[in-house]
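Reader: I have a new model open and want a quick tour. Can you take my questions as they come?
Author: Go ahead.

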Amino acid sequence: ATVSIESGPWLLANCEVRSAGGVSVLCQRWCVARIEDSILGGMGGGKDVLWARLLPDSFQRDTRLAADGLIACDRAEVRVKRSVFEDCGYNAGDCAQAWNEAVMHIDASVF
């Protein structure tokens with residue numbers, strides 16, 4: 001994960017958290033977190049950006065996508081407001097997912 005949050009309370013505001021092939025934000029182990037006015041997801045830009053063109057041919061170019069924008073698990077409580085989830089879904093991931101007794105509230109956000 002690019003950012004891993006445990007315990008809390010934590011506030012992530014006005015941030016851009018990106019991952020190339022992984023999870024942008026992982027909230028776990030009874031964490032309490034608020035994410036506001038932020039962008040969560042992959043590197044974006046498509047295959048024609050300079051860093052993607054310079055990758056060796058054997059490298060999976062679609063790793064510019066994040067696997068997941070946000071994961072909440074292990075009884076985490078996460079509130080998301082006015083945020084954008086983009087360039088997610090690498091390796092069959094999701095923009096946001098909650099499991100193992102986690103609670104996620106998403107309001108006024110874009111997927």
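Reader: Is E36 buried or exposed?
Author: E36 is buried, with a relative accessible area of 16%. The cut-off for buried is under 20%. Keep in mind that this is a predicted model.

Reader: Which side chain does E36 meet in a salt bridge?
Author: That of R34. The N to O distance is 3.0 Å. R34 is partly exposed, at 40% relative accessible area.

Reader: Take E86 and R18. What is the N to O distance there?
Author: Their side chains meet at 2.6 Å.

Reader: Which residue forms a salt bridge with E6?
Author: R29. The closest N and O atoms are 2.7 Å apart. The pair links distant parts of the chain: E6 is in strand 1, while R29 is in the loop between strand 4 and strand 5, 23 residues away.

Reader: How accessible is E6?
Author: E6 has 33% relative accessibility, so it counts as partly exposed. R29 is also in the partly exposed class, at 45%.

Reader: How many bridges pair strand 1 and strand 4?
Author: Four, in the parallel sense. Strand 4 covers residues 23–28.

Reader: What about the open sheet with three strands, what order is that?
Author: That order is 3-6-9, and the pairing is parallel. Its edge strands are strand 3 (16–18) and strand 9 (84–86), each with pairing on one side only. The twist there averages 15 degrees from one strand to the next.

Reader: How many bridges join strand 3 to strand 6?
Author: Three. Strand 6 is residues 39–41 and runs parallel to strand 3. E16 stands opposite I39 of strand 6.

Reader: Now the inside. How many residues does the largest nonpolar core have?
Author: It has 16 residues. V25, C27, I35, L40, L70 and V78 have the most contacts inside it. At least two residues of this core come from each of strand 4, strand 5, strand 7 and strand 8. As background, nonpolar side chains tend to be buried together in soluble globular proteins.

Reader: What does V25 touch?
Author: Leaving out residues up to four places away in sequence, V25 touches V3, I5, L12, V17, I35, L40, G69, L70 and I71.

Reader: Switching to loops. Where is S19 found?
Author: In the loop between strand 3 and strand 4. S19 counts as buried, at 7% relative accessibility.

Reader: Which backbone nitrogen lies 3.0 Å from a polar atom of the S19 side chain?
Author: The one of G22. Beyond four places in sequence, S19 touches several residues, among them T2, S24, G41 and R64.

Reader: Backbone geometry next. Where is the cis peptide bond?
Author: It joins G8 and P9, with omega about 15 degrees. P9 sits in the loop between strand 1 and strand 2.

Reader: And what is the phi of R82?
Author: About 45 degrees, a positive value although R82 is not a glycine. Most residues other than glycine have a negative phi. R82 is in the loop between strand 8 and strand 9. At 43% relative accessibility, R82 is partly exposed.

Reader: What about phi of N100?
Author: Phi is positive there too, near 55 degrees. N100 belongs to the loop between strand 10 and strand 11. N100 is partly exposed, at 43% relative accessibility.

Note on methods: Residues numbered from 1 in each chain as written. Predicted model: local features only at pLDDT ≥ 70, side-chain atom pairs only at ≥ 80, totals over all residues. Heavy atoms only, no water. Pairing = 2+ DSSP bridges. Axes fitted to C-alpha atoms, helices over the stretch in contact; angles between N-to-C directions. Salt bridge = Lys/Arg side-chain N within 4 Å of Asp/Glu carboxyl O. Buried < 20%, exposed > 50% of the residue type's maximum accessible area, 1.4 Å probe, protein only. Polar contact = N/O pair within 3.5 Å; in protein donor to acceptor, adjacent residues only side chain to side chain. Contact = heavy atoms within 4.5 Å. Core = buried A, V, L, I, M, F, W, Y, C linked by side-chain atoms within 4.5 Å.
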